[in-house]
Amino acid sequence: MDSSLPKIPKVTRLSRIARYLILKSILDVIIVGVFAVSFYYSAFNPHFRGWFDEAGEQGMKGWVIDRSQPDNRVEVQLYVDDHFVESHAADYPRPDLVTAGMSRDERHGFSFNAPRLAAGEHEARVYAVHASGVGARRALQMIGVPIKFNVGR
Amino acid sequence: MHAGESNSLSFRETVKEEKLRANDKGEAVSVLSDRLIAAWEIASVIISFMLAEWVVRPQAGESKLIGAVPLSLAFILMFLSHRARGLTARDAGWRLDNLFAAVRLLIIPTIFGALLIILIGKLTGGFNSTKPRDWQWVLWLPLWALVQQYALQGFINARAQILWGRGWRSILLVACAFALLHLPNPWLTLATFAGGLIWAAIYQRAPNLFALALSHALLSLLIVWALPASILNSLRVGFRYLG
């Protein structure tokens, strides 16, 4: 193989290949970075704004807006004690959102009836649903914080 | 005067010896650098293929062009590396003068592999695939096999020989690299490891990419035809196999 090599010193040839390898490694890292960021951005919507206001025997209430598509109604799912309870679109009227300048229209609230629960302490969580990958993926993003509540006998 | 002459000779000898030592050291450093660079080149190309399979393709969905971005970088690196090393296309195995020698070496392992695939196909209730009737796929297969053999043998095997010389260690490295790129599909990983061993060993004896691509394409066609879809999972590899 060496007989066909041009008259370039071996060290120069190797340092040239090393430069190519360094450049390619940098491009590989950029590719991974771009794909990681774009995946995160598409799989998890960074534009959701909302809050889980209250949870109790009377029901669970809150609001959520997708600020990238403020006219759309976000699908929300209620979980109590880590068990799925119900899912619907957040289209309950919340006039306070318009007053606070959070939205142009008021239909971004959610309201769930409380499920039948045994007496004792329970924890409720509400998640906004975000579909991506042409419907191939559905990610749940928690709205606000989990709320603990008590059910009496 | 005798003493002076003696001193002068010994000085010259010392200088000569030092120069030889320096040369040996330089050569040793160069050999070491050559092996390090070859190892880095192998790793870099494998990383590109793995990026395509595990990072880019799953995210790109059906867009194969986006998946080709890291592969293009790998092929650009291979081309530039060949040029920098002053190697010709013939050195990589793009040649016809040893075609029959390579075919002769490949006939028995390819027939044996084909019989084994047919046997497994019979035992597992295969031979149901309609894929071999897709003439576009059948025409594309030898080209894809040629591209894979170029990357695997023309580049990885050639660099593995710089790293460890001809022999079982470089052959094993090529087979492991080929199998690694077909994870986590268990049957394809096994098949490519076996194929990688045989093709790498034959490339080291008769470096001809056309003959290897022919064997690769024939066995791939037979695998797709003979083995049931439940085993092959549509030849999916990388992250897409899991989805």
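Modeller: The model is a predicted one. Phi of Asp82(A) is near 70°, a positive value although the residue is not glycine. With a relative accessible area of 61%, Asp82(A) is exposed, because anything over 50% counts as exposed.

Asp81(A) is placed in the loop between strand S3 (75–80) and strand S4 (83–89) of chain A. For Asp81(A), phi is positive at about 50°, again without the residue being a glycine. Its relative accessible area is 32%, so Asp81(A) is classed as partly exposed.

Another loop of chain A, the one between strand S2 (59–66) and S3, contains Asn72(A). Asn72(A) is partly exposed, at a relative accessible area of 37%. Between Asn72(A) and Asp91(A) there are 9.1 Å in space, C-alpha to C-alpha, for a separation of 19 residues in sequence.

For context, chain B has 10 helices and 0 strands, and the order of its elements from the N terminus is α-α-α-α-α-α-α-α-α-α. Of the 243 residues in chain B, 42% are buried. Taking the contacts in chain B between residues at least 6 apart in sequence, 77% are between residues at least 24 apart.

Start with the contact between H5(B) and H7(B). Helix H5 of chain B covers residues 135–164 and helix H7 of chain B covers residues 186–205; they pack at an angle of about 65°, and their axes are 10 Å apart. That angle makes H5(B) roughly perpendicular to H7(B), since the class takes in 65 to 115 degrees. H5(B) and H7(B) cross in the right-handed sense. On the H5(B) side the residues in contact are Gln149(B), Gln153(B), Gly154(B), Asn157(B) and Gln161(B), and on the H7(B) side they are Trp199(B), Ala200(B), Tyr203(B) and Gln204(B). By class, this contact of H5(B) with H7(B) consists of 3 nonpolar and 6 polar residues, with no charged residues.

Within that contact, Asn157(B) deserves a separate look. Asn157(B) belongs to helix H5 of chain B. It is buried, its relative accessible area being 0%. Its side chain makes a polar contact of 2.8 Å with the side chain of Gln153(B). Leaving aside residues up to four places away in sequence, Asn157(B) touches Leu152(B), Val174(B), Ala200(B), Tyr203(B) and Gln204(B).

Next comes H6(B). Helix H6 of chain B, residues 168–180, and H5(B) have axes that come within 9 Å of each other and cross at roughly 140°. The crossing of H5(B) past H6(B) is right-handed. H5(B) contributes Gln148(B), Leu152(B), Gln153(B), Ile156(B), Asn157(B), Ala160(B), Gln161(B), Leu163(B) and Trp164(B), while H6(B) contributes Arg169(B), Ser170(B), Leu173(B), Val174(B) and Phe178(B). Sorted by class, the contact of H5(B) with H6(B) holds 8 nonpolar, 5 polar and 1 charged residues. Asn157(B) and Gln153(B) are named in this contact and also in the contact with H7(B).

The loop between H6 and H7 of chain B contains Pro184(B). The peptide bond that joins Leu183(B) to Pro184(B) is cis, with omega about 0°.

That leaves H2(B). Helix H2 of chain B, residues 64–84, packs with H5(B) at an angle of about 45°, and the two axes are 11 Å apart. H2(B) and H5(B) are therefore oblique to each other. Their crossing is left-handed. The residues that make the contact are Phe75(B), Met78(B), Phe79(B), Ser81(B) and His82(B) from H2(B), and Val147(B), Tyr150(B), Ala151(B), Gly154(B), Phe155(B) and Arg159(B) from H5(B). In class terms, the contact of H2(B) with H5(B) has 7 nonpolar, 3 polar and 1 charged residues. Gly154(B) is listed here as well as in the contact of H5(B) with H7(B).

Terms used:
Residues are numbered from 1 along each chain as its sequence is written. Chains are lettered from A and ligands numbered from 1 in the order in which they are written. This is a predicted model: local features need pLDDT of at least 70, side-chain atom pairs count only at pLDDT 80 or more; totals for chains, interfaces and linings use all residues. Side-chain values use heavy atoms; hydrogens and water are left out. Axes are lines fitted to C-alpha atoms, for helices over the stretch in contact, and angles run from 0 to 180 degrees between N-to-C directions. Helices (H or I, at least four residues) and strands (E, at least two) are DSSP runs, numbered from the N terminus. Angles under 35 degrees count as roughly parallel, over 145 as roughly antiparallel, 65 to 115 as roughly perpendicular and the rest as oblique. A crossing is left-handed if the near helix is turned anticlockwise from the far one by less than a right angle, and right-handed if clockwise. Contact means heavy atoms within 4.5 Å. Ala, Val, Leu, Ile, Met, Phe, Trp, Tyr, Cys and Pro count as nonpolar, Asp, Glu, Lys and Arg as charged, and the others, Gly among them, as polar. Buried means under 20% relative accessible area, exposed over 50%, partly exposed in between (1.4 Å probe, protein chains only). A polar contact is a pair of N or O atoms within 3.5 Å; within protein, one must be able to donate a hydrogen and the other to accept it, and residues adjacent in sequence count only if both atoms are side-chain atoms.
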